[in-house]
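Here are some notes to go with your look through this structure. Keep the 3D view open and follow along point by point.

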Amino acid sequence: MNPIDLPPLHRAAVLVLLGALALGGAAGCSPAAESAPRSAQARESPPTGTPTATSTATDVGWVQLMTPMNQQAVKLLTLAAERAAEPRVRDFAVRLRTGQEAELVSLRALLTRMGLPGTDVHAGHDMPGMVTVRDLEAARAAEGPAFDRLVLAQIRDHLRQSAQVSRSEITSGGRADARELAAALVTARETSLAELERLPGAVRALG
């Protein structure tokens with residue numbers, strides 16, 4: 001069975017394998033991870049006039065994780081852009097949100113080229129680096145410097161974890177377009193992390 005044809009639970013298991021490569025065995029959203037050979041390929045139907053591409057299990061797992069990770073981060077960054085007590089934190093949130101939204105355009109285009117659905121196959125899952133519903137509720141309940149600290153900690157986790165997973169795609173992915181996008185994401189996250197750690201309140205929030 002090709003990776004793209006796997007049911008959601010098995011696709012999640014593929015993602016656990018990808019996460020284990022990047023996060024040193026961090027828990028994923030599936031209770032048990034099934035190994036998916038890196039050589040497994042899923043053929044897509046490319047647009048007329050373009051060469052046929054192949055997608056490995058790593059490609060599928062990466063793009064299906066990165067898309068909701070960015071979507072959820074944008075929600076938290078939207079709150080930060082409106083409510084952060086420190087103006088420099090608000091400015092950072094605005095700029096980072098713009099970058100994450102631009103990445104989402106590229107990620108969704110990649111999903112389309114790979115023949116994958118645009119639905120979030122990880123909805124409700126508590127993944128490392130994923131801004132959860134509980135995280136958003138906690139942010140809405142916080143105010144002032146406490147809100148800023150919460151946002152800085154959550155966004156740092158998102159940036160770090162998504163960079164690690166993207167490095168696994170660069171190393172193990174099969175599609176050139178996916179690897180190129182992953183490399184761009186890693187560069188953007190390294191830049192954002194360096195800026196985040198210089199923001200007011202970062203030392204106290206991040207330890």
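Predicted model: local features only at pLDDT ≥ 70, side-chain atom pairs only at ≥ 80, totals over all residues.

**Notes on the model**

1. Let's begin at Val-60, which is buried, with a relative accessible area of 3%; here buried means under 20% relative accessible area, exposed means over 50%, and partly exposed is in between (1.4 Å probe, protein chains only). Val-60 sits in helix 2.

2. Residues are numbered from 1 along each chain as its sequence is written, and side-chain values use heavy atoms, with hydrogens and water left out.

3. Now the overall picture. The protein chain has 7 helices and 2 strands, taken as DSSP runs numbered from the N terminus (helices are H or I, at least four residues; strands are E, at least two). Reading from the N terminus, the order is α-β-β-α-α-α-α-α-α. Of the 207 residues in the chain, 47% are buried. Take the contacts (heavy atoms within 4.5 Å) between residues at least 6 apart in sequence: 73% of them join residues at least 24 apart.

4. Helix 3 deserves a slow look. Its 28 residues reach 40 Å from first C-alpha to last, close to the 40 Å expected at 1.5 Å a residue; the expected span is 1.5 Å times one less than the number of residues. Its buried residues include Val-89, Phe-92, Ala-93, Leu-96 and Gln-100. The buried residues of helix 3 pack against strand 2 (54-56), helix 2 (57-83), helix 5 (144-172) and helix 6. Arg-113, also in helix 3, counts as partly exposed at 35% relative accessibility.

5. On to helix 6, which has 21 residues and reaches 30 Å from its first C-alpha to its last, close to the 30 Å expected at 1.5 Å a residue. Which residues of helix 6 are buried? They are Ala-178, Leu-181, Ala-182, Leu-185, Val-186, Arg-189, Ser-192, Leu-193 and Leu-196. Seen down the axis of helix 6, these fall within an arc of 145 degrees, so they line one face of the helix; the arc is that of the directions from the helix axis to the C-beta atoms. As a reminder, an α-helix has 3.6 residues a turn, so residues three or four places apart point the same way. On the other side of helix 6, Glu-180 and Thr-191 are exposed.

6. Ser-192 is buried, with a relative accessible area of 12%, whereas Thr-191 is exposed at 51%. Leaving aside neighbours within four places in sequence, Ser-192 is in contact with Phe-92, Leu-96 and Leu-159. As for Thr-191, its C-alpha is separated by 9.9 Å from that of Leu-159, 32 residues apart along the chain.

7. What lines the second largest pocket? Its lining is made up of Phe-92, Arg-95, Leu-96, Gly-99, Gln-100, Glu-103, Leu-159, Ala-188, Arg-189, Thr-191, Ser-192 and Glu-195. Helix 3 (87-114) and helix 6 (176-196) are the elements that give two or more residues to that lining, and helix 3 gives the most, with 6 residues. By type, the lining residues divide into 4 nonpolar, 4 polar and 4 charged. For the terms: on a 1 Å grid over the protein atoms alone, a pocket is an open set of points where a 1.4 Å probe fits, with protein on both sides within 12 Å along at least five of seven lines, and lining residues have an atom within 4 Å of a point.

8. Last, helix 4 (residues 133-141). Asp-135, Leu-136 and Ala-139 are buried there. Seen down the axis of helix 4, they fall within an arc of 95 degrees, so they line one face of the helix. The face turned away from that buried side carries the exposed residues Val-133, Arg-134 and Ala-141. Helix 2 and helix 5 are among what covers the buried residues of helix 4.

Terms used. Nonpolar A, V, L, I, M, F, W, Y, C, P; charged D, E, K, R; others polar.
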